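Student: I'd like to go through this fold with you piece by piece. Could we start with the term we'll need most and then look at the helices?

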Amino acid sequence: MTPLLFAMVASFLAATGARDQLLVARLAAALGRGNGLLVVALASSATTATIAAWAGAMLARTMSESAATMFVAIALLLAAGECAWPNRERAPREPTRSLGAMAIVLFARQLTDASRFLVAAFAVVFATWPLAALGGAIGGGAAVVLAWTLGRQLESRLPLRGLRIALAVLLFVLAVLTGLSARGIIG
């Protein structure tokens, strides 16, 4: 149960203000809150969380304990970098109504976002990838549901950039501590 809870909370926090969440909010504002957009966003979130957890589990099989810990440090570092990276995308002027196009774009954005790096790390640490995948899917799904519900208000109500920077700093510190632990420098 621990990997599910950790992955769920970490995925939701890491997905707050992320590119996929902003895209869903902007599409919901421009096109209306259609059920198709919500289904595509939730399906993409579940699929990418499952892929990340499975990939983490496959890597964990080939690693020693210290290598697995170093992998987690690298995943945390990548997640920190992704959170710190500024999102300069603008709302689409003439957004597509194609659910297939939305699915492709969301899938590509979610597959390499901070949330999925963390899901992969939890799959490595806890060695129960289905629970990490489920937690990642729930957390990522909650983030896109929030975006779909709030639409344009998401960006105006929440200090997303500040939250992303704070999360990046926290993830960076955790990455450094985990890396030092993997190298045996700290206990």
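This is a predicted model: local features need pLDDT of at least 70, side-chain atom pairs count only at pLDDT 80 or more; totals for chains, interfaces and linings use all residues.

Student: OK, so how many of the 13 residues of helix 6 are buried?

Tutor: Ten of the 13 are buried, so helix 6 is largely enclosed by the rest of the structure. The buried set consists of Ala114, Ser115, Arg116, Leu118, Val119, Ala120, Ala121, Phe122, Ala123 and Val124.

Student: And which helices do those buried residues of helix 6 pack against?

Tutor: They pack against helix 1, helix 3, helix 4, helix 5, helix 7 and helix 9.

Student: What span should helix 6 have at 1.5 Å a residue, and how far apart are its end C-alpha atoms?

Tutor: The 13 residues should span 18 Å, and the end C-alpha atoms of helix 6 are 18 Å apart, so the two values agree. Just after helix 6 comes Ala127, which takes a positive phi of about 55°.

Student: Where is Gly151 relative to Gly32, in C-alpha terms?

Tutor: Their C-alpha atoms are separated by 8.5 Å, although Gly32 and Gly151 are 119 residues apart along the chain. Gly32 itself sits in the loop between helix 2 and helix 3, and it counts as partly exposed because its relative accessibility is 32%.

Student: Switching to the core: how many residues are in the largest nonpolar one?

Tutor: The largest nonpolar core has 27 residues, and those with the most contacts inside it are Ala53, Leu76, Cys83, Leu118, Phe122 and Leu171. The elements that contribute two or more residues to this core are helix 1, helix 3, helix 4, helix 6, helix 7 and helix 9. Apart from it there is another core, of 18 residues, including Val24, Leu38, Met102 and Leu160.

Student: Who does Leu171 touch, leaving aside neighbours within four places in sequence?

Tutor: With those neighbours set aside, Leu171 is in contact with Leu76, Ala79, Ala80, Cys83 and Leu118.

Student: New topic, how do helix 2 and helix 5 sit against each other?

Tutor: The axes of helix 2 (residues 19-31) and helix 5 (residues 99-111) come within 9 Å and cross at roughly 155°; angles over 145 degrees count as roughly antiparallel, and therefore helix 2 and helix 5 are roughly antiparallel to each other. On the helix 2 side the contact involves Arg19, Asp20, Leu23, Val24, Leu27 and Leu31, which meet Met102, Val105, Leu106, Arg109 and Gln110 of helix 5. Sorted by type, the residues of this contact are seven nonpolar, one polar and three charged.

Student: Ser44 next: buried or exposed?

Tutor: Ser44 counts as buried, because its relative accessibility is 6%. Ser44 lies in helix 3 and, leaving aside its neighbours within four places in sequence, is in contact with Ala103, Leu106, Phe107 and Gln110.

Student: And Trp85, buried or exposed?

Tutor: Trp85 counts as exposed, because its relative accessibility is 68%. Trp85 is found in the loop between helix 4 and helix 5, and its C-alpha atom is separated by 9.8 Å from that of Arg161, 76 residues apart along the chain.

Technical notes. Residues are numbered from 1 along each chain as its sequence is written. Side-chain values use heavy atoms; hydrogens and water are left out. Axes are lines fitted to C-alpha atoms, for helices over the stretch in contact, and angles run from 0 to 180 degrees between N-to-C directions. Helices (H or I, at least four residues) and strands (E, at least two) are DSSP runs, numbered from the N terminus. Angles under 35 degrees count as roughly parallel, over 145 as roughly antiparallel, 65 to 115 as roughly perpendicular and the rest as oblique. Contact means heavy atoms within 4.5 Å. Ala, Val, Leu, Ile, Met, Phe, Trp, Tyr, Cys and Pro count as nonpolar, Asp, Glu, Lys and Arg as charged, and the others, Gly among them, as polar. A nonpolar core is a set of buried Ala, Val, Leu, Ile, Met, Phe, Trp, Tyr and Cys residues joined through side-chain atoms within 4.5 Å. Buried means under 20% relative accessible area, exposed over 50%, partly exposed in between (1.4 Å probe, protein chains only). The expected span of a helix is 1.5 Å times one less than its number of residues.
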